[in-house]
Amino acid sequence: MEYLLKTYRTFFGMKGELKRIFSPYRICPLGAHVDHQHGLVSGFAFNSGIEFLFSANDNGMVEMCSLSFDGLTTFSVRRAVEEKQNNWGDYLRGAVWALQKDYDLKNGVCGVVSGSMPIGGLSSSAALLCGFVMALGEVNGLNLTKMQLIQYASKAEREYVGLNNGILDQACVVLCEADKLLFLDTETSEYKLLPFGDGKSDGLPFKIGIFFSGVTRKLTGTDYNLRVSECKTAAWIMQAYEDIPLKGMEMTRLRDVDEQLFGKYEQRMPERFAKRARHFYSECDRVRQGVKAWQHGDIEGFGKLIFESCESSIHNYECGSPELIALYEIMRNTDGIYGGRFSGAGFKGACIALVNPEKEEAVRENVSRKYLERFPQYRESFRAFFCEPDNGVRLVDVSSEK
């Protein structure tokens, strides 16, 4: 907080009443790669994320600097948002662009943002967008609901930034509670916050382990959007076989197609598209099984499903770099890890795991040593962190630590 404040004073002096937002990163233990097809997902926010220290700017200007990226982003909320600049400021521009569809924004924001972890697999973009949408709402008196925060942040990322994702990331960043699992239907936006063991257990029996491979990635430069199109094409193929009238691709999703039709046509479909559909239906089923295990207090069963999810990501969804696959294999053979998989889209980035707190240091040592034996070139950039589940994006006291 002290460094944020010092940076704010350096750029903006003493002007404005300061406000502070903490926007957490997220993990998705089960529900990988299905939100863009309106599938079932689960998630946790955790106690690391993006900090915003800011004040209202009554001239309508956005003036934001980042401690994680170079450059000062400057533009007006009172004019139509300019084209993308292909830098981190596009997320800020996207948030304004989305809100301008429904609101006449008057006040801008000046402030500082800082992320507490490397970029890759933890939805830092969703944390940045949700936090900045909240900041814009605060300075303009919009009184946005949680679902509105999710919807505007999602719209910004899909329609302005250009990543064809669903609402999983934003929902986790906004809705999660520290002692519960988020269970979300991304088609209806209905969700539940489920206590472990139906609330009969004394706290959560795990920490969240996060292992950064050392390889960074940007989803708009990977096969992420291609995979989304392949899933939609799989739905199209099955609907065509069944002589169901087709909708435009932007309106087509695997959730539209009953799993029984997949069983009927699986062997006739080109293998690429059959694999994508196979992952979707099996992953949604793993989410249902995982919710039952969670409610029964079965952390081993829940973790086993997470490992199975990653197997399907590798073989059916066909994502994962050599580094991430190596991390997954190491995690699978490390005592003290209940379950783990790629985090995010699975193109470079990080792996996550649910870890027995009593074995945290042994897990850290084993995973780090074995990974760096295979990839010594990442010795300076590989990182391991252990975190706790946390609440969603929120205003916090300017004088407090998150």
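Residues are numbered from 1 along each chain as its sequence is written. Because the model is predicted, local features need pLDDT of at least 70 and side-chain atom pairs count only at pLDDT 80 or more, while totals for chains, interfaces and linings use all residues; side-chain values use heavy atoms, leaving out hydrogens and water.

Let's start with helix H5, residues 168–175. Helices (H or I, at least four residues) and strands (E, at least two) are DSSP runs, numbered from the N terminus. Eight of the eight residues in H5 are buried, where buried means under 20% relative accessible area, exposed over 50%, and partly exposed in between (1.4 Å probe, protein chains only). Among them are Leu168, Cys172 and Leu175. The cover over H5 includes strand S1 (19–27), helix H3 (124–140) and strand S7 (191–195), with contact meaning heavy atoms within 4.5 Å.

How many disulfides does a search of the whole structure find? The search finds zero, a disulfide being a pair of cysteine sulfur atoms within 2.5 Å. For cysteine 110, the nearest cysteine sulfur belongs to cysteine 65, 9.9 Å away. Cysteine 110 is buried at 1% relative accessibility. Cysteine 387 is buried too, at 6%, and its sulfur lies 14 Å from the closest cysteine sulfur, in cysteine 176, which is too far for a bond.
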